[in-house]
Structures are given as C-alpha cells and as structure tokens.
Amino acid sequence: MQKRIMLFLCLAVASQAFSQARKIEFTEYKLDNGLHVILHQDNTTPIVAVSVLYHVGSKNENPNRTGFAHFFEHLLFEGSENIKRGEFDKYITGAGGTNNANTSNDRTFYYEILPSNQLELGLWLESERLMHAKIEPVGVETQREVVKEEKRQRIDNQPYGSILTEVLKRAYTVHPYQWAPIGSLDHLNAATLDEFVQFYKTFYVPENATLSIAGDIDIEQTKKLVAKYFKDIPNGGKAIPTPTVVEPEQKAEVRDVIFDNIQLPAVIQAYHIPAQGTPDSYAIDMLNTLLSGGQSSRMYKALVDEQKKALAVQAFPFSLEQPGLYITFGLTNMGVNIDDLEKSMDAEIEKVQKELISEREFQKLMNQVESNFVQQNSSVVGIAEQLANYHVYFGDANLINAELERYKKVTREDIQRVAKKYLTKQNRVVLHYLPKSAQSKPEGTQLKKDN
C-alpha cells in the first residue's frame, strides 16, 4: 500500500511539473523574398539574441567538395562590402555582446547575444552576412588555415577525436551523412574561388534562412527593423539542393579496429535509428536517458560503479534530419579486456530488450525528460535556436511548447520495442579504439595494471 501511495505522489508531482512548463509565446511570418522570421518577446532582462539558421549542412555538399558548409561558418566572419576584414567581431565586443556559430550535418547557425539596445546592430550584421559577404582569395586562404588548425586540434591530435569521422564512413554507404562536417581538407584546397561563390549564392539566400530573435524586444518595432534590413535582399530564385538518396538497410554487423594516440582502449557502437521527430525517435531518446542519463543511469551504475569495467561510459542519439545513429561509448578501466567491456555494454542493452522497465524507473525518465526540455528554453539564445530548429526541421515552431506531449505518449512497452528493433548487432558498426603501441599485438590484448 505504501509503495502505491508513493507512486501516486510521484505521478502527481510529475503531472504538476509538466503543466508548469513555461509557454513560449512567439510571432512568425515570412517576407516576400522567402525569409522566415520568428520573434519572441521577453522583457525580463535587457538582452536580445539575434540568430539566423541556414538550412545547409554537410549533407548538402558535393561528395567531391566536402567541408564547404563548415568552411563557410568560418568564412562568413571575414567581412562584407560594408564591414572590413576582422571587424565583424569588433562590432559585437564593442557593443558588449558575444557571437558564435556552429555547423552540423543539416544546418549552419549564427547568433549574436547583445544588450537589447543593440538589436539593430545585430540585424545589420546578419543582413550583411546574407547579402554582401565578401568571398575573395585573402579570406579563403586565411580560413583554410583556420580550418586546418581546427582539424589538427579537435580531430588529429585529440584522443578519440576521430570517432565520428570513423563511425560515419562505415555506417553510411551512399548517403552524404557518410562524411563529418569537418570534411576533407584536400577538397577545400582543390576548390576554386568560383566554387565557393556558387555555394554562397545557392545556399545563403533568404528562402533558405530563418531569422529568429528572442529577448527584450518590442514586436512591432522589431518587425520594422527586420523589414529595413532584410526585405530588399533578393531571393536566390532556384531550388535548394537537398539529398533524396536513401541509405539501404544494414543487414550485417560492421567491425573494425582503429589505432590511435591513446592510452586506454575504447568501444564504440553505432546503431541506425529513424530521423528526429518520428514517433520512435522519442522512445529512443527516453531509452537513452535510461541507459546513459547521468551517474544514476543503468550503464554508468553497472559498468563504472559496480563492475568497474569502464572508466567512463556514455550513449547518445546522433539525431539528424534524415535517419541517424544511436552511439554508445565505453572507455576501459585499467586491466580490463576490451572484449569484456563490450559484452557488458551489450548485456545492459539486452536487459532492456528482455525486461520491461518498472513504473518507478519510467516515471524517473519522464521527470528527466521534462527537466531537459525546460532547460533548453532557459536562455534567450536557446529559445531563438529552438524556435528556428522546430520550424526548419518539423515545419512547426510551436513544438517548442508542444513537443513534450510527444514524449508523454511513449510507453514502457515502446522503450522495450525500440531497443529490440534498432539495437541489434546486424544494425550496427562496432569500433575498437586501441593504443598505437598495441598495433603489433593481437586485438583484445589486456592492458595490465601496474604492480
């Protein structure tokens, strides 16, 4: 009886928490040139986030010119017809703000966080990036060197830094997800100036962009400023290339060994999963929280705390606009055989496949999902980004308020079902990362503890 009462109380508290999630009010519209605009007013603090999401990522690239989307993330800070080289950041810092950008397989995202009285500055800068960016030899050569250095630091000289690159090229055989956003430096070196110009003219056009502004603004005044800086920018006038190829179903496990500049071996497993926003993607997300949602998760408790086979273990859905991957990572503890760690990782997945999780554990997952959902909207730039993401990927910016309902439709049986359906050996890539010192030794050689 006491357990039932406690369960009822947990359900009641969780239900109340869901209902208390703050609703994000917003206004959205489209300019005649195709630019989609989303505005969120929050006058609690004198800060505004100005962001532009371009629906172009590494999947939109020519297979012989990979790395373009990421390269442009850097290149478009070079300047414009009205902004001298190196002065883009100076405008932001001089106004007391910050700015950044990032590129994924599916999109490129730029943003500024500014005092709200500098909103017009942010709009001017982003309109310059969209309409007047300078693509000239000096900027291209400068950013080639920047990208080379980034690759050296983050991939070539970073322990385990090549994991994503190595996973993708084995998990995908025909789809352009097979290369990581960093792409190929050889492709960038071989590209002509005209190829860069054409990429800009193709993808950096109003109809391929979403301007999302959140923070201390007045909606009507902001509309006027948006029109002032963006309405006269001409659209591209042609279809935006996007891949239609479908990756064939993987029917046999792919295994390989990577020798890297590391000290401890690691196991990486990558399972094919559906695209983000599909019903099963929500069940997979909750499955991931069960397996890897913090130090109280199943994999961490079993492999790190109890069995002490792993120094660290983590899993995450590599969710993409088109079918992505579910990736698990385990770092062996000293003295542990890499095959033993892999078997233990598999065992935790098999438990979910064979045993329905308890109501109590399921409610814990729901609480974690709700908390994560709220945290995504805890800053103005987070809200601006989420609004743009939901519009671009799902065609519905209001999912910033409603997507939680999709998680609430997931059942315990759904979590078990997706584990059985997708986390199968024939549907995965397995990589064993080993120290270069083990290259002459048979795979699975145990690293001995010091006496």
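This is a predicted model: local features need pLDDT of at least 70, side-chain atom pairs count only at pLDDT 80 or more; totals for chains, interfaces and linings use all residues.
View 1. Why quote an area at all? The size of an interface is often given as the accessible area lost when the parts come together. Counted by residues, 37 from domain 1 are in contact with 38 from domain 2.

**View 2. The two domains in outline.** To get your bearings, the domain assignment puts domain 1 at residues 26–231 and domain 2 at 254–438. Taken over C-alpha atoms, their centres sit 28 Å apart.

View 3. How many salt bridges does the rule find across the interface of domain 1 and domain 2? There are 3 of them. Have a look at Arg170 and Asp256, too: these residues form a salt bridge, with their closest N and O atoms 3.0 Å apart. As for polar contacts, 16 residue pairs make them between domain 1 and domain 2, with both partners at pLDDT 80 or more.

**View 4. The face that domain 1 turns to domain 2.** Strands E2 (36–41), E3 (47–54), E5 (108–115) and E6 (209–215), plus helix H6 (163–171), each give two or more residues to the side of domain 1 that touches domain 2. Which element gives the largest share of that side? That would be H6, with 7 residues. Sorted by type, the residues on this side of domain 1 come out as 18 nonpolar, 13 polar and 6 charged.

View 5. Zoom in on Asp106 and Lys59, whose side chains meet in a salt bridge at 3.1 Å, N to O. Asp106 is in the loop between strand E4 (98–103) and E5, while Lys59 is in the loop between E3 and helix H2 (68–75), so the pair ties together parts that are 47 residues apart in sequence.

**View 6. Two spans taken from the UniProt record.** In an unreviewed entry, UniProt lists residues 37–174 as "domain: Peptidase M16 N-terminal". That span is 41% helix and 20% strand, and its end C-alpha atoms lie 34 Å apart. The unreviewed entry also lists residues 191–368 as "domain: Peptidase M16 C-terminal". Here the chain is 41% helix and 22% strand, with 46 Å between the end C-alpha atoms.

Technical notes:
Residues are numbered from 1 along each chain as its sequence is written. Side-chain values use heavy atoms; hydrogens and water are left out. Domain bounds come from an automatic or database domain assignment. Contact means heavy atoms within 4.5 Å. A salt bridge is a side-chain nitrogen of Lys or Arg within 4 Å of a carboxyl oxygen of Asp or Glu. A polar contact is a pair of N or O atoms within 3.5 Å; within protein, one must be able to donate a hydrogen and the other to accept it, and residues adjacent in sequence count only if both atoms are side-chain atoms. Helices (H or I, at least four residues) and strands (E, at least two) are DSSP runs, numbered from the N terminus. Ala, Val, Leu, Ile, Met, Phe, Trp, Tyr, Cys and Pro count as nonpolar, Asp, Glu, Lys and Arg as charged, and the others, Gly among them, as polar. UniProt positions are given in the numbering used here, feature names are shortened, and annotations may be inferred rather than shown by experiment.
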